[in-house]
Amino acid sequence: MRPGPRRGVLEQRAVRALRARPSLTDCAFLVLVVVLSALLYVGGLGFYGDDWGYFSELSEARDRSLQGLVQGLYARDVPLQQRPVQLAYVAVTYSVFGLHPLGYHVVGAVMLIAIALLLYAVVRELAQPRAF
């Protein structure tokens, strides 16, 4: 006896629901891992060598608007001219947080979460099998 069309549709929905559940669980796990690891260190971090070079250039910008900070960095830092996304990232974070390191590290942790979720989505889309 063959299953009717209604049963086939229900089975397909059940399979889709089962596939979606691990996705949400996996994403929650990735977020939890990054958040817990960041909580261990983010409060005690400061700035490092290359940060001070950017801050020096940004503090000398005549125009303190976001556009002025971007233009100031672009004019003074040749390697950043080849990395416009990083240039915008540095200018935006400086305009928001100034010389307070906690904000930079929180943004960095959020970026790590986004990268982990994006990598997970790409691997899932490529239909790679789970390691465990």
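Trainee: At what angle do the axes of α2 and α3 cross, and how close do they come?
Mentor: The two axes cross at roughly 120° and come within 9 Å. Axes here are lines fitted to C-alpha atoms, for helices over the stretch in contact, with angles from 0 to 180 degrees between N-to-C directions. This is a predicted model, where local features need pLDDT of at least 70, side-chain atom pairs count only at pLDDT 80 or more, and totals for chains, interfaces and linings use all residues. Residues are numbered from 1 along each chain as its sequence is written, and side-chain values use heavy atoms, without hydrogens and water.

Trainee: New topic. How many residues are in the largest nonpolar core?
Mentor: It has 13, and L58, L69, L73 and Y94 have the most contacts inside it. Such a core is a set of buried (under 20% relative accessible area, 1.4 Å probe, protein chains only) Ala, Val, Leu, Ile, Met, Phe, Trp, Tyr and Cys residues joined through side-chain atoms within 4.5 Å.

Trainee: Which helix gives the largest share of this core?
Mentor: α5, with four residues.

Trainee: What does L69 touch, beyond its neighbours within four places in sequence?
Mentor: L58, A61, D63, R64, A91, Y94 and S95.

Key: Buried < 20%, exposed > 50% of the residue type's maximum accessible area, 1.4 Å probe, protein only. Helix = DSSP H or I, 4+ residues; strand = E, 2+ residues; numbered from the N terminus. Contact = heavy atoms within 4.5 Å.
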